Each structure stands twice: as C-alpha cells, then as structure tokens.
Amino acid sequence: MKKILVTGFEPFGGDETNVSEQVLNSLPEIIGNLKVEKLLIPVVRNKSLRKIEEKVLEINPSFILSLGQAGGSKTISIERIGINIDDFRIKDNDGNQPIDELIFEDGENAYFSNLPIKTMYNEIEKEGIDVKISNTAGTYVCNHVLYGVRYMVEKNKWNIKSGFIHLPYTKEQVEGKENMPFMMFDQTLKAIIKAIETLSVEKVEKKIVGGEIY
C-alpha cells in the first residue's frame, strides 16, 4: 500500500493549540488506498525540514501533504507555490527571525506544488466547504516547509508529489477574538480527508477556474 506523509505544526505565536495538529491527530490511518503516516513538526526554520527529511527516508512515501494554520482566513487554502525566502514577521518557536534570507542558496526562486491542486479544490468544493487556490503561502515557516520539501524532492530526485494546505482557526480558537473568521472543525477535517481521497485515486488534474485577480 502506498503511503502519504501528512505533517502538522505545533502551536505558535501565542496560540495554545494549532488546528493543523488537531487535524493530524484526527485523521484515520487509512484513507482510500493510502496509508496515512503522521508527523508533528516544530514551527522552527531548518529543524522542521530536517524532521521531514528523516521521516521520508524512513518510510518512503508517495505523497507529502503539509498542513498549517492560517489564523484570519475563512477558507481552506490549497497552496500553489512556495518561494525561496524566509522573512519572518514574528520569531519562530526557537527565537529565529530571519529577514529576507534565502531558504536554500542553490534553490530555484520558487517551486510549484505538484499535487493536483485544482482537482483537490473541486472535490472539496463539491462537499460545500469554503476552499480556494492560494497563490502565496506567506514568508513564515509554512512557506519554508512548502518550498523546502519541494526543494528536497527535486534535488534528491525523489518520486514524491508534495504540497501544502492552510487551515482556518476552529470555533474554539477564536473565542474572545472579536470578528475573527473560523471554520467548524468537522468541516476542516472533512476537507483534508477529501483531499487525501483525491490523491489516493490519482485523478488527472482538472483545468478549472481557481485563480485570483489580486
């Protein structure tokens, strides 16, 4: 059975929980025809990627799907691209705050996700869940992981497809935060399960509208 490595982050930025960790812990062990391997990673530049690389070498997955928290977003955001820059607005969980630093000196300016993002988008949307294709993963540790995993796949010529999905806060996370958008946890979990189901059947990528004007 093929494997998918799903990663989630620990809490950061003063939050007590991280929705990506909650989703990670709630995923079933088998989705479609994929065995789900789970990995919690630190919100720390470099260290997060080392942990993923170690796991990849251990289990040899066919897919890597990284999940991250996007507080303030109201939709599931399937990321299209990671860029070769660390420009941290806040310190990571080890106190690092790089400004305008390359993630990898020998890396491309950007790497695109090679997951079928439009097909995943379409399948999640059919469930009535708010979802979009995002064209920026920010410049914090989420982008660091999206870009860094794609870099490792390309440099090592691994036969792996990888990408990243950002998740909104849960209802519980926004308690006491005025006018902060959220998504019910069962909807968020359902979206990620649907995304993995889509990968498990290896559907051909759809040519559908999912772009943005700005």
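**Notebook: salt bridges and overall fold**

For a salt bridge I required a side-chain nitrogen of Lys or Arg within 4 Å of a carboxyl oxygen of Asp or Glu. D106 sits in the loop between β6 and β7 and K155 in helix α4 (residues 141-156), so the pair ties together parts that are 49 residues apart in sequence. I then checked accessibility: D106 is partly exposed at 46% relative accessibility, and K155 is partly exposed at 43%. My classes are buried for under 20% relative accessible area, exposed for over 50%, and partly exposed in between (1.4 Å probe, protein chains only).

I note the ground rules here. The model is predicted: local features need pLDDT of at least 70, side-chain atom pairs count only at pLDDT 80 or more, and totals for chains, interfaces and linings use all residues. Residues are numbered from 1 along each chain as its sequence is written, and side-chain values use heavy atoms, with hydrogens and water left out.

**Other salt bridges**

I counted 13 salt bridges by the rule above. One of them joins R45 and D86, whose closest N and O atoms are 3.1 Å apart. R45 is in the loop between β3 (34-41) and α2 (47-59), and D86 is in the loop between β6 (81-83) and β7 (110-112), so this pair ties together parts that are 41 residues apart in sequence. I found R45 buried at 15% relative accessibility and D86 buried at 0%.

I next looked within helix α4, where E154 and R150 lie 4 residues apart, about one turn of the helix. E154 forms a salt bridge with R150, the closest N and O atoms being 2.8 Å apart. E154 is partly exposed at 39% relative accessibility, whereas R150 is buried at 4%.

I also recorded a network of salt bridges that links E127, K190, K194 and E197.

**K55**

I looked up K55 in helix α2. K55 counts as buried, with a relative accessible area of 17%. Leaving aside neighbours within four places in sequence, I list L5, E37, K38, L39 and N60 as the contacts of K55. Contact here means heavy atoms within 4.5 Å.

**Whole chain**

I counted 5 helices and 9 strands in the protein chain. These are DSSP runs numbered from the N terminus: helices are H or I with at least four residues, strands are E with at least two. The order from the N terminus is β-α-β-β-α-β-β-β-β-α-β-α-β-α. The radius of gyration is 16 Å, close to the 17 Å of the globule rule for 214 residues, so the chain is as compact as a globular protein of that length. I took the radius over C-alpha atoms, and the globule rule as 2.2 Å times the number of residues to the power 0.38. The C-alpha trace spans about 45 × 40 × 35 Å along its principal axes.

I find 52% of the 214 residues buried. Of the contacts with a separation of 6 or more, 79% are between residues 24 or more positions apart. The chain exposes about 10500 Å², and carbon and sulfur atoms supply 47% of that area. The areas come from the Shrake-Rupley method with a 1.4 Å probe; for residues, only the protein chains shown count as cover.

Last, I compared the charges: the mean positions of the 27 positive and 32 negative charges are 5 Å apart. Lys and Arg count as positive, Asp and Glu as negative, and His and the chain ends are not counted. Each charge is placed at NZ of Lys, CZ of Arg, CG of Asp or CD of Glu.
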